[in-house]
Amino acid sequence: MPFRIRPDHSFTAEFRKAAGGQLSHAIRALEERPEGKHEAVHAFRKKLKRVRSLYRLVASEVPAFRESENVRLRDLAMSLSAIRDATALIETVGYLKTTARNTAEAKALGRIVAALENRRDHMAEAEADIDQKLAEAPGVLRDAIAAVEEVHFNGGPRRNARLVAKGWRDTTSKARKAIEHCHAEASAETFHTLRKRAQDCRAYQRLLRPLWPAAMKAKYEVTTGLIDLLGHIHDLDVLCALVEAEPQHFPNADDLARLLDAIIFRQQEDRRAALERAEDVFGDDPQEEADRIELLWRAQVS
């Protein structure tokens, strides 16, 4: 089921279909697990991110629903995050290895990968309740679907157009503010905030593709490139935090030094590239973009 909202259909029905479809996909991912537990959790979390972005888009119209359901989905995702996050760190060091500056660094990073794989496997053994959590999660998602079915939007096409335009403007404005903060303070938190707002915008570009298919598709692809870079930056920050919190996993001091040096170099390069891309993605004035969205919406329902 496509993640779309069509302006010429009932907004309530389209909202329920978009949110309910993603939640149903998340249930299937957890129940069927065609590629194993780790990939099932990864797929499930991606679906929940889209749904939470959709809820932010319409937050001004259904604030109580958005607040309660955002907490429900956030807490559920966090309850299944530990093993997937451990796997992401392995992928992060693999990413560093592909850009290693010399053979010695590449070999050291290979040994770091092995150490992180060992850590993940021990975590999986220790997390004895993971199967129970996986079994219980679909029930929580079914409750979330039931809550979606209770949502009603009572406005007509003009009000819906303003609602969508406002959600778009608010998110892109927050993204612009995040870019300013990244320039002023290149911290893990500021770049992570930019990543979250970029993820929201990408969800809207997919959700609202019927408004302007070619332009939305192009925006989606450019935004995806930015999110990929910001994802690497976030994972590098998490890896740094792990090295400080759990140094026992890295007993080889030389390997650890090469890891930290590779992280610092890659962070600087990726942050510079991400800010350049962010200016391209969010270069338009948020209000002008929102006005365009509202006009396109009205044009399809007139």
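Helix α1 (residues 11-32) has 22 residues, which at 1.5 Å a residue should span 32 Å; its end C-alpha atoms lie 31 Å apart, in agreement with that figure. The model is predicted. Just after α1, Arg-33 takes a positive phi of about 45°.

**Largest pocket**

- The largest pocket holds about 1,400 Å³ of space.
- Its lining comprises 42 residues, and those closest to the centre are His-42, Arg-45, Lys-49, Arg-195 and Gln-199.
- At least two lining residues come from each of α2 (37-57), α3 (63-79), α4 (82-98), α5 (103-126), α8 (188-207) and α9 (213-245).
- Sorted by class, the lining of the largest pocket contains 19 charged, 14 nonpolar and nine polar residues.

**Second largest pocket**

- About 180 Å³ of space lies in the second largest pocket.
- Arg-56, Ala-59, Asp-170, Thr-171 and Lys-174 are the closest to its centre, out of 13 lining residues.
- Two or more residues of this lining are given by each of α2, α7 (157-184) and α8.
- Helix α7 gives the most to the lining of the second largest pocket, with six residues.
- The lining of the second largest pocket divides into seven charged, three polar and three nonpolar residues.

**Elements at both pockets**

- Helix α2 supplies at least two residues to the lining of the largest pocket and two or more to that of the second largest pocket.
- Helix α8 likewise supplies at least two residues to the lining of the largest pocket and two or more to that of the second largest pocket.

Terms used. Residues numbered from 1 in each chain as written. Predicted model: local features only at pLDDT ≥ 70, side-chain atom pairs only at ≥ 80, totals over all residues. Heavy atoms only, no water. 1 Å grid on protein atoms, 1.4 Å probe; cavity = no way out; pocket = protein on both sides within 12 Å on 5 of 7 lines; lining within 4 Å. Points joined across faces, edges and corners; volume = space filled by probe spheres on them. Helix = DSSP H or I, 4+ residues; strand = E, 2+ residues; numbered from the N terminus. Nonpolar A, V, L, I, M, F, W, Y, C, P; charged D, E, K, R; others polar. Expected span 1.5 Å × (residues − 1).
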